[in-house]
Amino acid sequence: MNKKSLFICTLIAVMAIFTLAAGAYAGIFSPSKNELRNYLKEHSLVVVKDGKTNFYEGRGIKPLINYLKNDNFKNAYVADKRIGKASALLLVYGQANKVYTPVISKPAIKVFEDNNVKYSADEVVENIKNNTGTDLCPMEKKVQNINDPKAAYELFKSMLK
């Protein structure tokens, strides 16, 4: 092998290493759905970002709001137990680009599709219900006529003060 061929082979190898490293850093190598399902058995919200997996607790949209007060979901893989329209709007506001949930509502799917957010879910439901299953979740009611992610965030942030 001559010097020029050796140089080209070395250059290709170095570029391949940098490409793999950049992909891992950007979150291309993310947890499997099974791993996320297991995490969600013990935690409310899972955020995989910058090579780290962080877990958050709380009911409803509170973990999302608390997270958004300090950070965003850009380049993160986010998993939440249930995602309705309220959660979807918050995830879009936080710039999530990949989401997993065991249960998603049809209005949440529309929000994700309208905003080019990749999502996967195990079950699709018409709407997220309240704890007794007798009516819509109160947070879902609040965003029935809201389609702007920033407006939803401001509404919920002021409510949870």
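Tutor: The side chains of K110 and D114 meet in a salt bridge, 2.8 Å from N to O. This is a predicted model, where local features need pLDDT of at least 70, side-chain atom pairs count only at pLDDT 80 or more, and totals for chains, interfaces and linings use all residues. Residues are numbered from 1 along each chain as its sequence is written, and side-chain values use heavy atoms, with hydrogens and water left out.

Student: Which helix holds both K110 and D114?

Tutor: Helices (H or I, at least four residues) and strands (E, at least two) are DSSP runs, numbered from the N terminus. K110 and D114 sit four residues apart, about one turn of the helix. Both lie in residues 106-114, helix α5.

Student: How many salt bridges does the structure hold?

Tutor: A salt bridge here is a side-chain nitrogen of Lys or Arg within 4 Å of a carboxyl oxygen of Asp or Glu. K141 and D135 form one, with the closest N and O atoms 2.5 Å apart. The structure's count is six.

Student: D71 and K49 meet in a salt bridge too. Where does K49 lie?

Tutor: That pair is 3.1 Å from N to O. It links distant parts of the chain, 22 residues apart, with D71 in the loop between α3 (62-68) and β3 (77-80). K49 lies in residues 45-49, strand β1.

Student: Is K49 buried or exposed?

Tutor: Buried means under 20% relative accessible area, exposed over 50%, and partly exposed in between (1.4 Å probe, protein chains only). D71, at 35%, counts as partly exposed. K49 has 13% relative accessibility, so K49 counts as buried.
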